[in-house]
Amino acid sequence: MLLAHHIEVMKNTAFGLIYVMGEGSTFNSTPSAERKLMLIMLVDYLQVQRIICARLYGWTKETQDIVANTDVVYLCTNLISKVVPHYSLFIVASLLVILCLTDTFYAAHLFKKGSIDRMWPLKVLRFLVATMVTTAFSSIIKWLMIPTNCLVTEDAPSFSVAVRGEGAECTPFAMPEVLATAPMILLGIAYVTFALITSHLSFECNPLSRQPRASSTGRVEVLFALVKVSGTVLIYFADYITPVAVTAIIFLGSVHVFRAHLSRLPWHDQKINLLRGGVLGCVMHLSASSCVVTILAAAGVWQDGGTQQGVQWALIGLLPVAFMVGVWLVQRRRDAIVDKISRLRGDWEAQRAAHQTIDSGDNHESPGVGVPVSLVPKKTMYTSFFDPTLDSKRAFKSSIEAHTAARVLLNERSESNLPFLRYVLQRGIEEHPDCHDLKILQLTFERFVFNNSLNAAEAEKNLRRRLNALPIDYQYVCYVVDRKATQASAQETIGLGNVTSMHLMEWGAGIERAKKAHLAAIHHIRDFWRQLRKGSRTRMDKSDVSDMLKKLAEFERCSDEAKREYETLLLNYSSSAELLQAYAGFVDNVLNDSRTADKVRAQAMALDDKDEGSDQDADMQLILEQACAQSAGTSTNDNQRVRTFKWLDSFSPTILGSEQSRVISLERKVRAFVFLLVVVSTVGFVLIDLGLLTEEAMFKNIELIDKTGVNRGYGIIASYELRDLFLAARKDDRAKFDYASDYLHTISKKLTAQHIINYEALGSADLADFYNNRICHFVVPIADTWVNRTMNYWEYGNEYSRHFARAGSATFEEMKSLDMRLVNISAEKANIHFVFENTHHNYIPTMEELLSKYEDNVASLGNLASQSVQVIVAINSLLVILMSFFVIRTLPASLKALQSRALGCSFALSLPRNVCLRIFKHYEDIVLQMRIIEDEEMAAQMIQDDNLHDNNMHEGSAPGSPPERRGGSSSPPEMEGGSGRASPGMSG
């Protein structure tokens, strides 16, 4: 029994997973969608065609290559194999299968738990089924079998070669290849099983659906999948049972699939039936051709290779003819069914006219009223045995023919055909009473087409008597019909027009969590008052008070959780009267807000009245307006809770008023200090960043330090370039001489431009004093002597760059001479002498001094920034200390006095014991009412006890005496004792 239970749970989980996966997919019956489906069928057929035309099935390599090149998936695989190793496709296929199976188990686990927070596994699974089962089924199997491909073909690279190296033999079942072959076999079996199950059950049970797959599609598609698997797998047994036997098996399988397709016409759309018929005709032709080719090859008929190839070309060329023959046979089958339906329509109309005549004769006042629902005469075993014309009277030779005729008639999409459709279905069931196909079809028609829930329930009841004996797809249909009936019945509860399984799961999980938290909150507050109704008030242990505080803490946690769950449900199901009633009870009994609860109950009542067809919206609005107007003042009609609220509101501001004012004052001070912290920090650091760090330090100092260092380097570069002038002239290298001369002029221009930029961007008084008052010394050649000169740094920089340019103007012939005496050289060559004499003695030290001036300026700016940061941090620290002082001084005493749970315990301990007892009974009654609502048997027992109690009261009480007050009212009586009145819904 335990094993059977587990199997049943697994089966229901698989059914639910496939149902939810199919329900989430949408199909738009548009020409583009139909073309897409036809393209998928074509891609799938081309893979099957490639598999059947294998070399071991008798086809030549030329034929195999031509047929394989028509397969889009094969072409893509070949292109990928040229870039990556061929066995990588085996890894990809294995990963896809593992991903598919893992996602299936994970989605089944989520479905079993009822978790609807993560929907991506279902979307991934739907995509994997669409690609791996429908489109690339045959190719995935071929990729999985790559480790064993070398056993059946010599064209593909051997997996053993990839593992062992060049020259290795094909040994897929030896070590280490078996480490890949064994998982391959297991993955292949699991993948084929998964594909067969999804192909068998991925259909739409509703006959009115626009989905292309009907309830009969799975039976034919799973047969076609078996043919594809056999074409891929049986090739490995060709050496053992001969290719003739293998091709014969494939041919018989294709014939069986085509026959099943002709008898059932499994698709909703006739165009899809025609296309599938043509495809199956081509498959049957190819398998028959393979059988012929292998027989001729085994008999040794082929003597000439050209004759063999010619015959194979002829067989391949007949594929269009086979396609058209398949289409013609499907259309012929449909026409025959339509003709049979037309003949049955004549019989039905004649019987209906006869019944109407009989009824009009029996009832002259209302002719035609007594037309029976069923015009099919009931036959017994006795009448059938003695009826010699029974076979000739049969409208349908088989149950499948009756099944197909009913579906074809329905797909004409004429509402006037419904009475005749019921006749056709009853006629088929009468002629074939033991056929489960027709019983399942009757169930779906009664549920979805005829909308007769009573007949559907009766048909489902008859099927469920032997449900486990039915085929798996019929059990799935019963499951889907039951799920859809549950969803239809939940429309009023959930408040949605079209309830899906995901809506049902979300609603069930959400309302269960909300009610669980709601009931837990009531339990905790009830236990709180239970502890107060007994024991001494003056001698309570700390543990008792701690338990009371824990009860209040759990009450707050559960009430917050219930409120969150209710509000989440109200976002999507705000039109559910049941949800509004539950939320009103929560607001009334837990949150203790009777006014809001009354408004929510009014909304629920309005929804109930709307569902019942009554027009009371204006009256309900008037009642709500009057209730709101009356709540503004006190009157004798106010109930106990409203009066208690008003009484508490009259003096509640005086309770802990001083502590509350101190906390409010503290809040204002803290906000002011936080604002000052933000302002001081933000303004100070922004000013430092914009004023010091960015403008001054980055541009006027750091950049100028870099450029000054470059100017220092120009002096050294000029010396090297003048050296290159000498060497180029001595080597008679005119090009190198001209390059060095041009570069000296360029250096002179750059030095002059940067010197002007530095002078215009002086950042401090020290730098200005250096440029204007710093006296620089250097020697200048005049005639045949050296003369000492002095000038400020600004003039010195310009003069030095001029000497650079003048030195670069020396001629090529003059530079060849090694004579450097002043009396014998020109002015240009004398400037070269000037550069050599002054660069290291005067120019570079002056540049070093200027560089130190810039670095001192940066250091001073850094000190200023550090001092600014220290000041800002000091101000912020002072503000934090002041804020902490006020918080520490105010919070401990005030928060202790304002602590809600301690205040609740103090208030509860101040009440008399009889008041606590009444409040406890109030919450006890609420718990009992919630359990009664959840448990129908308990509710019936409570009604029976109430009736018995009323009878006893009438029998035992004196005439005219009032009945005894019973508990369970929503508002308890007024509390006596203690200071004033307390609300029974006080929740700490």
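How many salt bridges does the count come to? The count comes to 23 salt bridges, a salt bridge being a side-chain nitrogen of Lys or Arg within 4 Å of a carboxyl oxygen of Asp or Glu. This is a predicted model, in which local features need pLDDT of at least 70 and side-chain atom pairs count only at pLDDT 80 or more, while totals for chains, interfaces and linings use all residues. Residues are numbered from 1 along each chain as its sequence is written, and side-chain values use heavy atoms, with hydrogens and water left out.

View 1. Helices are DSSP runs of H or I with at least four residues, numbered from the N terminus. Glutamate 431 is buried, at 12% relative accessible area, and arginine 427 is buried at 14%. Buried means under 20% relative accessible area, exposed over 50%, and partly exposed in between (1.4 Å probe, protein chains only).

**View 2. Lysine 515 forms a salt bridge with glutamate 578.** Here the closest N and O atoms lie 3.6 Å apart. Lysine 515 belongs to helix α22 (residues 501–532) and glutamate 578 to helix α24 (residues 577–589), so the pair ties together parts that are 63 residues apart in sequence. Lysine 515 is partly exposed, with 21% relative accessibility; glutamate 578 is also partly exposed, with 34%.

**View 3. Arginine 601 forms a salt bridge with aspartate 588.** The closest N and O atoms are 3.1 Å apart. This pair links helix α25 (residues 594–611), which holds arginine 601, to helix α24, which holds aspartate 588, across 13 residues. Arginine 601 is partly exposed at 25% relative accessible area, whereas aspartate 588 is buried at 10%.

**View 4. Five residues form a salt-bridge network.** Salt bridges with shared partners join Arg526, Asp527, Arg530, Lys551 and Glu924 into one network.

View 5. A disulfide is a covalent bond between the sulfur atoms of two cysteines. With a disulfide taken as a pair of cysteine sulfur atoms within 2.5 Å, a search of the whole structure finds zero disulfides.

Notes:
Helices (H or I, at least four residues) and strands (E, at least two) are DSSP runs, numbered from the N terminus.
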